[in-house]
Amino acid sequence: MVRNLVAAALIVAALVLQVGLVNRVSPRIGPDLVLLVVLSLAALRGGAVPGAVIGFCGGLAYDLLPPSDHALGQWALVMCVLGYLAGRAGGQLPLLVVALCAVVAPGLASGIGALLGDPGVTWSVLRSAWPKVAVCNLLLAPVVLWVVRAVQPRRRARGSEFVTGYGRGTA
Amino acid sequence: MRDTRRARLVIGVLLAAALILITVDHRAANGTLLAPVRDVASSVFGRVEGATATVTGPITGFFKTISNAPGAERAITALRKENAQLKSDLDAQRLNRDRVMKLDRMLGLAGLGRYRIVPAQVVARRASPGFEDAVEIDIGTGDGVRTDMTVLSGEGLVGRVVHAGPSTSTVVLLTDPGLAAGARMEGGNELGVVNGLGEAGGNDNLIKFRMLDSSSPVQVGRRIVSFGSQGSAPYVPGVPIGVIERVDTTPGELTRTAYARPFADFSSIDVVGVVTEAPKRDPRDSVLPPVPKPPASRQAKPAERTPALRPPVAGPAETSQAETRTSDQQPAVAGPDVNTGQSEPPRSGHEPRGETRPAATPAPERAAPGQPGQEAVDQRRQDRGA
């Protein structure tokens, strides 16, 4: 319960920071905090289903976040898939997994935008924007992962049964 | 001590001297008589006192510090707090001044075009490359904002409202690739469509301007204003959009593409205004900012300007020219109607007019004729060559 609340608080903080600070200060180029936090949470939680649930919820919140002009669910889809992958593979090397997903994510999101007929997604835009966002994400991934790990409550005390209980509840 | 005679005498003399001094000093009203004495004494003693103070100052200060320590600590804390408070106030004031300036400019622009606006502050922004470029403003339906209203800043068009909530609204910016707005070249009737380029617009946030008529000439440096939509939603007419910066010349294409640099600064949007009521009549080009002053080194060549200063032709002639406009016609009518500029808003301009306008417009706010005209002429040559 506490872990879920902490995760929700982290995601909300990332959302607000993303649109209130990161994008306002540098609209052209900047890391995607929401993506990184969601991926870190999924990777640290461990387990495919919790990862996917975290990804979906985070993505949906990202879609609903006020200044938005895209189809609802775009980010929910992207983050659900990536959260699933991160949760599944993130047990041993969370940083590697988070970094990989953070690099893949902008391309995936743009791909879905292109499928939906978004007029802004073209190859040239993708070529110029993807590397920038990916590099920003890569640079910030360790920091976000460290913060998320530091903020999360220790699970040593009640350990695995808590996780399985959560998994059963959400599955 | 025994009182001897001598002692008594000395005391008596001294007392007498003191009395005399008192009398003299008291009598001489402003101490003129004894002033030199006082001066000497004060200079000597003053110096000594000063020297002593420098020696003993630290010592007395030390004791004072010790005795005052608790109070001083409190005073320092209080002063520090006050200082911090003042500093933050000063920063806030500086910020406020910036905002006031922006607001002022915006109100000026709104007044020029007779738009009725509601000012707003940007509270959040989302810019995902390729997807969207949108901001959230702090006014909503409660302040009269509705969906599909024009949003402008002190410099020019910013975008339009796509969603109006109760207390905040979402505005899609002009740089969003999904946004398209009807636009018109300044001083003419050439129409086109402005599209955001998003990430592809580069650091200058360039936007794409597609001319519907591929034969109409486009020059670098000409300005575009919004054409206005039916019923003034989502775009009201006459809002400055940008300056054409680059022209793509692709022969044989149906439309002609130019790239314009928007007037509004999209890298830092702060204060914007939502147009809640469109002007009664199209303000045409009157909202455009004055033409920037050319650098002194590239001043006007008089020879280039003189043909443009011919007297204006009458209105009907203009109309017919506009109707039968082709690109071949432009050299022939390059000059005549320049002076009709600002005085006749509802005229039907056409491109030769606008083409030479910067070079010759006598209107006072278009200070600095000359250099833009020079550029325009050069560009025209390029255009024709291509």
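Me: Where do I start with the salt bridges here?

Reply: Start with one pair: the side chains of B:Glu155 and B:Arg105 meet in a salt bridge, 2.8 Å from N to O. Keep in mind that this is a predicted model.

Me: Which parts of chain B does that pair tie together?

Reply: B:Glu155 sits in the loop between strand 3 (150-152) and strand 4 (157-164) of chain B, while B:Arg105 belongs to helix 2 (residues 35-113), so the bridge ties together parts that are 50 residues apart in sequence.

Me: And how do I read the accessibility of the two partners?

Reply: Take the relative accessible area: under 20% is buried, over 50% is exposed, and partly exposed lies in between. B:Glu155 has 27%, so it is partly exposed. B:Arg105 is partly exposed as well, with 40%.

Me: Are B:Glu186 and B:Arg223 buried or exposed?

Reply: B:Glu186 counts as buried because its relative accessibility is 3%. B:Arg223 is buried too, with a relative accessible area of 5%. Their side chains meet in a salt bridge of 2.9 Å, N to O. B:Glu186 lies in the loop between strand 6 (180-185) and strand 7 (191-196) of chain B and B:Arg223 in strand 9 (residues 223-226), so this pair ties together parts that are 37 residues apart in sequence.

Me: What about a bridge from strand to strand?

Reply: Look at B:Glu245 and B:Arg261, whose side chains meet in a salt bridge at 2.8 Å, N to O. B:Glu245 is in strand 10 (residues 240-248) of chain B and B:Arg261 in strand 11 (residues 256-262), so the parts tied together are 16 residues apart in sequence. B:Glu245 is partly exposed at 31% relative accessible area, and B:Arg261 is partly exposed at 34%.

Me: Which residues are joined into one network by salt bridges that share partners?

Reply: A:Arg24, B:Lys102 and B:Asp270. For the whole structure, the count is 11 salt bridges over all chains.

Me: Which elements of chain A give two or more residues to the side that touches chain B?

Reply: Five of its helices do, namely helix 1 (2-25), helix 3 (48-64), helix 4 (74-89), helix 5 (94-115) and helix 6 (123-151). By residue type, that side of chain A divides into 13 nonpolar, 10 polar and 6 charged.

Me: How do I put a size on the interface?

Reply: The size of an interface is often given as the accessible area lost when the parts come together. Here chain A and chain B bury about 2,300 Å² between them, 52% of it on carbon and sulfur atoms. In chain A, the residues that lose the most area to chain B are A:Arg24, A:Arg28 and A:Pro67, together 33% of what that side buries. In terms of contacts, 29 residues of chain A meet 29 residues of chain B.

Me: How should I read the overall make-up of the two chains?

Reply: Chain A has 7 helices and 0 strands, and 50% of its 171 residues count as buried. Among its contacts between residues at least 6 apart in sequence, 73% join residues at least 24 apart. Chain B comes to 6 helices and 12 strands, with buried residues making up 41% of its 386 residues. For chain B, residues 24 or more positions apart account for 63% of the contacts with a separation of 6 or more.

Me: Where does UniProt place the "transmembrane region" feature in chain A?

Reply: The unreviewed UniProt entry places it at residues 34-62, 95-117 and 129-148. In the model, residues 95-117 of chain A are 91% helix and 0% strand, with the end C-alpha atoms 34 Å apart. Residues 129-148 of chain A are 100% helix, and their end C-alpha atoms are 27 Å apart.

Methods:
Residues are numbered from 1 along each chain as its sequence is written. Chains are lettered from A and ligands numbered from 1 in the order in which they are written. This is a predicted model: local features need pLDDT of at least 70, side-chain atom pairs count only at pLDDT 80 or more; totals for chains, interfaces and linings use all residues. Side-chain values use heavy atoms; hydrogens and water are left out. Contact means heavy atoms within 4.5 Å. Buried area is the accessible area (1.4 Å probe) that two parts lose on being put together, summed over both. Helices (H or I, at least four residues) and strands (E, at least two) are DSSP runs, numbered from the N terminus. Ala, Val, Leu, Ile, Met, Phe, Trp, Tyr, Cys and Pro count as nonpolar, Asp, Glu, Lys and Arg as charged, and the others, Gly among them, as polar. UniProt positions are given in the numbering used here, feature names are shortened, and annotations may be inferred rather than shown by experiment. A salt bridge is a side-chain nitrogen of Lys or Arg within 4 Å of a carboxyl oxygen of Asp or Glu. Buried means under 20% relative accessible area, exposed over 50%, partly exposed in between (1.4 Å probe, protein chains only).
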